[in-house]
Amino acid sequence: MAEAYFPVGPGLGPEENFLSLEDILMSQEKLPGRVEAAVPRLAAVLGKGAGAGQSDGIPEGSKVEIPLWLAKGLYDNKRRILSVELPKIYKEGWRTVFSADANVVDLHKMGPYYYGFGSQLLNFDNPENPEIAQTILQTFIGRFRRIMDSSQNAYNEDTSALVARLDELERALFRAGQKGLNDFQCWEKGQASQITASSLVQNYRKRKFTDMDG
Amino acid sequence: MDPAEAEFLAEKELVTVIPNFSLDRIYLIGGDLGPFNPGLPVEVPLWLAVNLKQRQKCRLIPPEWMDAEKLEEIRDQERKEDTFTPMPSPYYMELTKLLLNYASDSIPKADEIRTLVKDTWDTRIAKLRLSADSFVRQQEAHAKLDNLTLMEINTTGTFLTQALDHMYKLRTNLQPGESAQSQDF
């Protein structure tokens with residue numbers, strides 16, 4: 001029951017959780033943008049041209065696709081190095097899809113960190129920010145029912161079809177619901193009072209073989 | 001909380017047993033347990049009742065609500081009402097499981113009782129999910145649910161609190177917050 005590792009969850013606001021693995025993976029997602037000021041000698045860093053070498057710069061106004069962590073670091077209202085565009089799923093067209101019916105969208109394909117990434121986008125000043133925030137919230141509310149029902153009703157089945165269209169945040173919720181259900185069923189069958197080896201101890205045996213050989 | 005912990009709390013409930021041994025009053029920290037005389041019913045906590053039954057020292061008497069007709073009435077009423085009806089015992093699920101596991105011989109129509117209790121449980125859990133969904137959908141600030149038992153709260157609790165946490169964080173995004181501090185070079 002006691003876990004070897006207690007994971008830090010993602011921060012869902014404008015600030016990420018530094019220690020959260022999900023946030024670290026999420027900030028690797030790419031963001032389209034445009035370079036406003038000339039950036040000398042950093043073509044390789046910003047992903048432009050593998051053959052260009054390090055001495056080339058990027059002219060002003062050229063489009064780049066950079067990871068979120070880099071965009072957050074370079075973005076500054078005063079120095080104007082970078083301007084950020086919204087990825088297409090946060091734009092007007094997709095927003096109307098979400099408001100029509102949030103359940104049909106395959107959020108895993110659209111970027112497995114829809115909610116986290118969307119919350120981070122609010123860091124960059126953008127006139128559409130309130131609508132983006134509202135859409136993200138409404139999408140979550142709309143999909144909540146389906147996650148709740150599927151996680152609490154699927155006992156001992158293959159759940160890969162159910163989670164295929166969920167993004168990472170929703171998958172974590174799904175796992176929490178499944179855990180509640182599994183614990184209850186296991187208690188009802190009487191397995192809760194059976195003594196089983198802890199998962200920590202089961203790993204000890206696996207390591208001992210190398211000690212014996214050496 | 002695990003189901004096992006809820007079961008542990010449920011074991012404090014009193015049930016009637018008929019012992020086949022005799023013993024004077026015993027004084028425990030939680031309270032006194034009355035003198036045991038063979039053939040005379042006495043009220044003991046469930047943990048002791050189950051233990052005695054396993055050692056074949058007593059006969060368990062089912063609580064008065066554990067009866068097929070009563071449970072059928074409860075189940076039908078649960079299905080009719082939109083809100084939760086008060087259950088005969090705040091630990092009905094745990095009591096059912098323990099008594100039917102250890103003392104099914106002294107309970108008439110044990111299978112029927114098991115089915116009826118499971119039906120009632122399913123109805124209540126479905127109502128809980130419905131009310132959780134409407135709570136989230138309308139973004140209410142707080143809700144009050146009467147007559148819920150601990151086991152039901154445990155099964156859906158973790159999921160619901162996590163989902164509400166996420167919703168809260170997403171909702172605070174809507175407020176135009178103070179801009180993050182930036183360093184000046």
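Buried means under 20% relative accessible area, exposed means over 50%, and partly exposed lies in between. Keep these cut-offs in mind along the way. One more thing before you start: this is a predicted model.

**Stop 1: a salt bridge inside one helix**

Select Lys179(A) and Asp183(A). Their side chains meet in a salt bridge, with N and O 3.1 Å apart. Why are these two separated by about one helical turn? They are 4 residues apart in helix H7 (residues 168-188) of chain A, so about one helical turn lies between them. An α-helix has 3.6 residues a turn, so residues three or four places apart point the same way. Now check the accessibility. Lys179(A) has a relative accessible area of 49%, so it counts as partly exposed. Asp183(A) is partly exposed too, at 26%.

**Stop 2: a salt bridge between chains**

Next, select Arg145(A) and Asp133(B). They form a salt bridge, and the closest N and O atoms are 3.4 Å apart. Arg145(A) sits in helix H5 (residues 129-153) of chain A, and Asp133(B) sits in helix H5 (residues 110-137) of chain B, so this pair joins two chains. Is each partner buried or exposed, or something in between? Arg145(A) is partly exposed, with a relative accessible area of 24%. Asp133(B) is buried, at 7%.

Arg145(A), Asp149(A), Arg129(B), Asp133(B) and Arg137(B) are linked in a network of salt bridges. Over all chains, the count comes to 23 salt bridges.

**Stop 3: along a helix of chain B**

Stay with H5(B). This helix has 28 residues. From its first C-alpha to its last it reaches 41 Å, close to the 40 Å expected at 1.5 Å a residue. Just after H5(B), click on Gln139(B). Its phi is positive, about 55 degrees.

**Stop 4: a tie within chain B**

Select Asp105(B) and Lys53(B). What do they form? They form a salt bridge, with the closest N and O atoms 3.4 Å apart. Asp105(B) lies in the loop between helix H4 (92-102) and H5 of chain B, while Lys53(B) lies in helix H2 (residues 46-54) of chain B, so the pair ties together parts that are 52 residues apart in sequence. Asp105(B) is exposed, at 63%. Lys53(B) is buried, at 15%.

**Stop 5: a strand with two faces**

Select strand E5 (residues 58-61) of chain B. Cys58(B) and Leu60(B) make up its covered face. Arg59(B) and Ile61(B) make up the uncovered one. In a regular strand the side chains alternate between the two faces of the sheet. Ile18(B) has Arg59(B) as its bridge partner in E5(B).

**Stop 6: the sheet in chain A**

Now move to chain A. Here 3 strands form an open, antiparallel sheet in the order E2-E1-E3. E2 and strand E3 (82-84) stand at the edges with a single partner strand each, so one side of each has no neighbour in the sheet. Neighbouring strands are turned by 45 degrees against each other on average, direction ignored. E1(A) and E3(A) pair over 3 bridges. Select Val35(A): Leu82(A) in E3(A) stands opposite.

**Stop 7: a loop residue**

Finish at Ala38(A), in the loop between strand E1 (30-35) and strand E2 (63-67) of chain A. Not counting residues up to four places away in sequence, Ala38(A) touches Ile58(A) and Glu60(A). Gly61(A) is 23 residues from Ala38(A) along the chain, and their C-alpha atoms are separated by 8.2 Å.

Technical notes:
Residues numbered from 1 in each chain as written. Chains lettered and ligands numbered in written order. Predicted model: local features only at pLDDT ≥ 70, side-chain atom pairs only at ≥ 80, totals over all residues. Heavy atoms only, no water. Contact = heavy atoms within 4.5 Å. Salt bridge = Lys/Arg side-chain N within 4 Å of Asp/Glu carboxyl O. Buried < 20%, exposed > 50% of the residue type's maximum accessible area, 1.4 Å probe, protein only. Pairing = 2+ DSSP bridges. Expected span 1.5 Å × (residues − 1). Axes fitted to C-alpha atoms, helices over the stretch in contact; angles between N-to-C directions.
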